[in-house]
Amino acid sequence: MTTKVMNHSEYQQGLMTRDFHSLEYTVKDCTAVLEAWKDHPNQGYYTDEIHYCLAEMRYRLNPKNAPLWWRKAMKALMSELLRNEA
């Protein structure tokens with residue numbers, strides 16, 4: 001089995017376009033894998049996925065507590081989506 005390697009900044013940006021239920025599913029799926037296989041070779045990757053998905057969910061629920069980089073990136077993403085709709 002090949003160990004997965006995460007590009008952390010790209011992964012976090014990718015989460016911004018996923019819907020809330022997808023984030024919840026990822027957390028549940030990764031948690032299930034880690035509970036079933038304690039010393040999984042990709043344990044660090046799955047743990048990072050859980051962390052980043054939970055952070056994204058927390059930011060969406062209370063954007064005022066989100067870090068500045070997230071607020072700026074979300075504003076740019078929303079502006080781009082509005083331009084594409086016009």
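Trainee: How many aromatic pairs does a search of the whole structure find?
Mentor: The search turns up 3 aromatic pairs. Keep in mind that this is a predicted model.

Trainee: Take Tyr45 and Tyr46. What kind of aromatic pair do they form?
Mentor: Edge-to-face. Their centres lie 6.0 Å apart, with 80° between the planes.

Trainee: Are Tyr45 and Tyr46 buried or exposed?
Mentor: Tyr45 is buried, and Tyr46 is buried too.

Trainee: Back up a bit. How many helices and strands does the chain have?
Mentor: 4 helices and 0 strands. Along the sequence the pattern reads α-α-α-α.

Trainee: And what box do the C-alpha atoms fill?
Mentor: Roughly 50 × 25 × 20 Å, along the principal axes.

Trainee: What share of the residues is buried?
Mentor: 29% of the 86 residues in the chain.

Trainee: What about contacts with a separation of 6 or more? What share comes from residues 24 or more positions apart?
Mentor: Those residues account for 64% of such contacts.

Trainee: Now the helix packing. How do H2 and H3 cross?
Mentor: H2 covers residues 20–36 and H3 covers residues 43–61. Their axes come within 9 Å and cross at roughly 150°.

Trainee: Why call them roughly antiparallel?
Mentor: Angles over 145 degrees count as roughly antiparallel. The H2–H3 crossing is roughly 150°, so H2 and H3 are roughly antiparallel to each other. The crossing of H2 past H3 is left-handed.

Trainee: Which residues meet there?
Mentor: From H2, the list includes Phe20, Leu23, Val27, Cys30 and Leu34. From H3, it includes Tyr46, Ile50, Cys53, Leu54 and Met57. By class, the H2–H3 contact has 12 nonpolar, 4 polar and 4 charged residues.

Trainee: What about H1 and H3? How do they cross?
Mentor: The axes of H1 and H3 come within 10 Å and cross at roughly 40°. H1 and H3 are therefore oblique to each other. H1 passes H3 in a right-handed crossing.

Trainee: Who meets whom?
Mentor: His8, Tyr11, Gln12 and Leu15 are the H1 residues. On H3 they meet Tyr45, Asp48, Glu49, Tyr52, Cys53, Glu56 and Arg60. That contact of H1 with H3 has 5 nonpolar, 2 polar and 4 charged residues.

Trainee: And H3 with H4? At what angle do they pack?
Mentor: About 75°, with the axes 12 Å apart. H4 is residues 68–85. H3 and H4 are therefore roughly perpendicular to each other.

Trainee: Which residues make that contact?
Mentor: Glu56, Tyr59 and Arg60 in H3 meet Trp69, Trp70 and Met74 in H4. The class count for H3 with H4 is 4 nonpolar, no polar and 2 charged.

Trainee: Is Glu56 buried or exposed?
Mentor: Glu56 is buried, with a relative accessible area of 2%.

Trainee: What does Glu56 touch?
Mentor: Leu15, Met16, Leu23, Trp70 and Met74, leaving out residues up to four places away in sequence.

Trainee: Where is Met16?
Mentor: In the loop between helix H1 (8–15) and H2. Met16 is buried, with a relative accessible area of 8%. Beyond residues up to four places away in sequence, Met16 touches Glu56, Arg60, Trp70, Ala73, Met74 and Leu77.

Trainee: How far apart are Met16 and Lys4?
Mentor: 12 residues in sequence, and 21 Å from C-alpha to C-alpha.

Trainee: Next, Thr17. Buried or exposed?
Mentor: Exposed, with a relative accessible area of 57%. Thr17 is also in the loop between H1 and H2. Setting aside neighbours within four places in sequence, Thr17 is in contact with Arg60 and Leu77.

Trainee: What separates Thr17 and Met74?
Mentor: 57 residues along the chain, and 9.2 Å between their C-alpha atoms.

Trainee: Last one: Asn42. Which loop holds Asn42?
Mentor: The loop between H2 and H3. Asn42 is buried, with a relative accessible area of 3%.

Trainee: What does Asn42 touch?
Mentor: Met1, Thr2, Thr3 and Lys4, not counting residues up to four places away in sequence.

Methods
Residues are numbered from 1 along each chain as its sequence is written. This is a predicted model: local features need pLDDT of at least 70, side-chain atom pairs count only at pLDDT 80 or more; totals for chains, interfaces and linings use all residues. Side-chain values use heavy atoms; hydrogens and water are left out. Axes are lines fitted to C-alpha atoms, for helices over the stretch in contact, and angles run from 0 to 180 degrees between N-to-C directions. Helices (H or I, at least four residues) and strands (E, at least two) are DSSP runs, numbered from the N terminus. Angles under 35 degrees count as roughly parallel, over 145 as roughly antiparallel, 65 to 115 as roughly perpendicular and the rest as oblique. A crossing is left-handed if the near helix is turned anticlockwise from the far one by less than a right angle, and right-handed if clockwise. Contact means heavy atoms within 4.5 Å. Ala, Val, Leu, Ile, Met, Phe, Trp, Tyr, Cys and Pro count as nonpolar, Asp, Glu, Lys and Arg as charged, and the others, Gly among them, as polar. Rings of Phe, Tyr and Trp (its six-membered ring) pair if their centres lie within 6.5 Å; planes under 30 degrees apart count as stacked, over 60 as edge-to-face and the rest as tilted. Buried means under 20% relative accessible area, exposed over 50%, partly exposed in between (1.4 Å probe, protein chains only).
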